[in-house]
Amino acid sequence: MGVALLDLVETALRVAKQALGKRAGKPVSGGLARETHIVAHYIRKEEDHSYAELVDRLSLMPDVCERLGISSDAPPDPTTFYHSFDRYAMYVWRALLRVSAQQHPQSGHVALDSTFFERSNASQYYCQRKGRTVKTVKATTLTDTESLAVLDVHCCIKHEHDTKAGPRVVRRNADDLRAVAADNGFQDWHTEYEIAALDVDYLIQYRGSTPKAAANNALIRAKGYTQRWMSETSYSTVKRTQDSALRSQFWYRQFREIILSFALNNLKKLTKTL
């Protein structure tokens, strides 16, 4: 289902200003405001445009240009937006994701899970010349089980094990969490001890059919373990409504592209549908 582009732009502009805080507005050196670059990347991701197509489409949308402070008669060069994707550090994109998730009601109950994004969009010649053998990027996320908003994302190229990636995203958000539901791939004694030390309930099914395991699993299901599938719903929504293959060629840009995709999905829940 599509969303009203103008409403998406206004929502993204408001969230971008909140995420940037004191850094919002035009830089000292002049040019476009920092939030304008961020909203332009939202539009590019939503419409699945290249940078050249983005500038061309913006020149045909005077209402959008007016809200972004862009002159439709003299739009910026496509390389302006291309370099701004590099210029903003990873913590800026994480802040955007966090603020976009905060626009939704937070239940404190989250699902911890991982998904993969294809990074084979580049030509085979390029992959061979660069020695690229990894075909996917792994993303470990925290998804609120009520609002389906993605709270945090951890990306890796070398497919870090779930028991290593899981505690990282939980640790960063522990103050806002009450319970974390995960599958057996995130289970080991060290992970359970670390998350328990953060005063967060770790809901994970135990293997085996002993009376002790059966009783523990029944208790965990009663606490909301069955809502773990909500993370799969958020993955499906992102990959169906956006391109599941990563278009960027460099790994650090692919990480930012994944975070941008989840932040855009959070914002689209707040905008008017067509």
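Helix 2 and helix 12 are roughly perpendicular to each other. This is a predicted model, so keep that in mind throughout. The angle between the two helices is about 85°. That falls in the 65 to 115 degree range, so the pair counts as roughly perpendicular. Their axes lie 10 Å apart. Helix 2 covers residues 34-47, and helix 12 covers residues 251-268.

Which residues of helix 2 and helix 12 make the contact? From helix 2, we have His 41, Tyr 42, Arg 44, Lys 45 and Glu 46. From helix 12, the residues include Glu 257, Leu 260, Ser 261 and Leu 264. Ala 263, Leu 267 and Lys 268 of helix 12 take part too.

Let me pick out Ser 261. Is Ser 261 buried or exposed? Its relative accessible area is 3%. The cut-off for buried is under 20%, so Ser 261 is buried. Now leave aside its neighbours within four places in sequence. Ser 261 is then in contact with Lys 45, Val 238 and Gln 242. Lys 45 belongs to the helix 2 side of the packing contact.

Next, helix 10. It has 12 residues, 211-222. At 1.5 Å a residue, helix 10 should span 16 Å. Its end C-alpha atoms are 17 Å apart, which agrees.

Which residues of helix 10 are buried? They are Ala 213, Asn 217 and Ile 220. Look down the axis of helix 10: its buried residues fall within an arc of 60°, so they line one face. Why would such a spacing work? An α-helix has 3.6 residues a turn, so residues three or four places apart point the same way.

Strand 5, residues 201-204, is among what covers those buried residues. The face of helix 10 turned away from the buried side carries exposed residues: Pro 211, Lys 212 and Ala 222. Just after helix 10, Gly 224 takes a positive phi of about 110°.

Last topic, the cysteines. Cys 156 counts as buried, at 10% relative accessibility. Cys 65 is buried as well, with a relative accessible area of 1%.

That's my set. Questions, please.

How values were computed: Residues are numbered from 1 along each chain as its sequence is written. This is a predicted model: local features need pLDDT of at least 70, side-chain atom pairs count only at pLDDT 80 or more; totals for chains, interfaces and linings use all residues. Side-chain values use heavy atoms; hydrogens and water are left out. Helices (H or I, at least four residues) and strands (E, at least two) are DSSP runs, numbered from the N terminus. The expected span of a helix is 1.5 Å times one less than its number of residues. Buried means under 20% relative accessible area, exposed over 50%, partly exposed in between (1.4 Å probe, protein chains only). The arc is that of the directions from the helix axis to the C-beta atoms. Contact means heavy atoms within 4.5 Å. Axes are lines fitted to C-alpha atoms, for helices over the stretch in contact, and angles run from 0 to 180 degrees between N-to-C directions. Angles under 35 degrees count as roughly parallel, over 145 as roughly antiparallel, 65 to 115 as roughly perpendicular and the rest as oblique.
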